[in-house]
Amino acid sequence: MNDYAGQHEVVSENMTSQITAELTRFVQELKQERKSHFHDGRKAQQNIETFWKQLEASKRRFERDCKEADRAQQYFEKMDADINVTKADVEKARQQAQTRHQMAEDSKGEYSSILQKFNHEQREHYHTHIPNIFQKIQEMEERRIVRIGECMKTYAEVDRQVIPIIGKCLDGITKAAESIDHKNDSQLVIEAFKSGFEPPGDIDFEDFTQPMKRTVSESSLSNSRWDGKSEPKPGSKSKGKLWPFIKKNKGGGPEDFSNLPPEQRRKKLQQKVDELNKDIQKEMDQRDALTKMKDVYIKNPQMGDAASVDHKLAELGQNMEKLRLEAQKFEGWLAEVEGRLPVRTEQTRRQSGMYDTQNTSAVNNCAQDRESSPDGSYTEEQSQESEMKVPVTEFDDEFDDEEPLPTIGTCKALYTFEGQNEGTISVTEGEMLYVIEEDKGDGWTRIRRNEDEEGYVPTSYVEVYLDKNAKGAMTYI
């Protein structure tokens, strides 16, 4: 062990001289280069902002001069039509109108020139300057990745010299370092952080000399800057989404991540759906464990009271229902982002509703309908078969207007149940009702309130008292 430790000291000294010192200098150089690239990005952003302000100012000046020229022309026509006005006043009004029209023409030419210049600068900004800056940053990161690979190879060679025994392991490290694909790594980063936005197009020329009704310019730049929000006040700063180097606000966003770019929003929603599904699976695992425990208690009453786990099972069922509703909400947003909407038929909704309620506590009749081993366990195939039994078609068949079924006992509602699905009935806690069909293994009991009201309720929600004379009668909770 002492010799082995001494070899590690040699490795440490060689790594310090050959890797650590060079990497320290390289990291400092990267920091300065990265700072320079981000400075260029901010400078380019400020430049396009300046051109945008100039464009807005020239457009407002053009609009103002056009309005003043119209008023001057109207004043001249009014003076010319008035016989009481002197010829000198008419001539003065005519010269004033000509001056205003000339100013409007000059403003029009200036606005047109600045607009062309801005469109040119915008194309250069989004198709030349911005890509060049990103390319430099990408090349910088690729050099860093290559340097890391070279350092890994150097480390492998240093270690190989002093530990021939683990040479095969070091060959693997070398192979891994040489297999680094910096282009692919850059592409992975681009895929992970791409926004999904498209560069804005050119801004159309707005001719204020036309007498038609003018509409607000809907340029892609303004849309990308304010993105559906109310138009900002003149002179206000709105950085928006023109440039990703701007610092982001770290406050909490909306629940549906609508503040994120499309691609990032899709990833966030997918991550949220996956988390909710994991939480649902955890709740289902706990429910299955309690189900097995209750089976053991039913088979061996001396080990515990089977009714003591009902409250926990009901609580787990409510938690799973909340998580499913939350997952459905996020799945709806995810479908909206991906351009698809889930279509659920009535039969699917009924099956889902019955299955959810059944999963809350569909364990009360496990002793009579499920074959259990002496220790209370049961096979996986039997458990799956029990979960998949959903009497969907029986609802329609058994609710035909035929001779009413006879009562086979009574029941007391342990919890309030809102029967929202077809074939179910709502009950309130403590309510006494008649049983007309006992649980057939699907977790549902058919009850009757009066001659006109009958339906199914979850078996775990009621305490059943069957008549002794009824076929297969038994009392259970």
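Two strands count as paired if DSSP finds at least two bridges between them. Helices (H or I, at least four residues) and strands (E, at least two) are DSSP runs, numbered from the N terminus. This is a predicted model, in which local features need pLDDT of at least 70 and side-chain atom pairs count only at pLDDT 80 or more, while totals for chains, interfaces and linings use all residues. Residues are numbered from 1 along each chain as its sequence is written, and side-chain values use heavy atoms, with hydrogens and water left out.

**Whole chain.** Start with everything shown. The chain has 11 helices and five strands. Of its 477 residues, 34% are buried (under 20% relative accessible area; exposed is over 50%, partly exposed in between; 1.4 Å probe, protein chains only).

**The sheet.** Next, select the strands. Five of them form an open sheet in the order β4-β3-β2-β1-β5, with antiparallel pairing. At its edges lie β4 (454-458) and β5 (462-466), each pairing on one side only. On average, neighbouring strands of the sheet are turned by 40 degrees against each other, direction ignored (axes are lines fitted to C-alpha atoms, for helices over the stretch in contact, and angles run from 0 to 180 degrees between N-to-C directions).

C411 has V464 of β5 as its bridge partner.

**Around C411.** Keep C411 selected and show what it touches (contact: heavy atoms within 4.5 Å). Leaving aside residues up to four places away in sequence, C411 touches E431, M432, L433, V435, I447, V462, E463, V464 and Y465.

**The cores.** A nonpolar core is a set of buried Ala, Val, Leu, Ile, Met, Phe, Trp, Tyr and Cys residues joined through side-chain atoms within 4.5 Å. The largest has 16 residues, and C411, F417, V427, V435, I447, V457 and V464 have the most contacts inside it. Two or more residues each come from β1, β2 (432-437), β3 (444-448), β4 and β5. The most come from β5, which gives three. For a second, separate core, of 14 residues, select A69, A104, F118 and F208, which are among its members.

**Two helices.** Finally, select α4 (residues 182-193) and α6 (residues 262-299), whose axes come within 7 Å and cross at roughly 85 degrees. The two helices are therefore roughly perpendicular (65 to 115 degrees; under 35 is roughly parallel, over 145 roughly antiparallel, the rest oblique). E191, A192 and F193 of α4 meet E263, Q264 and K267 of α6.
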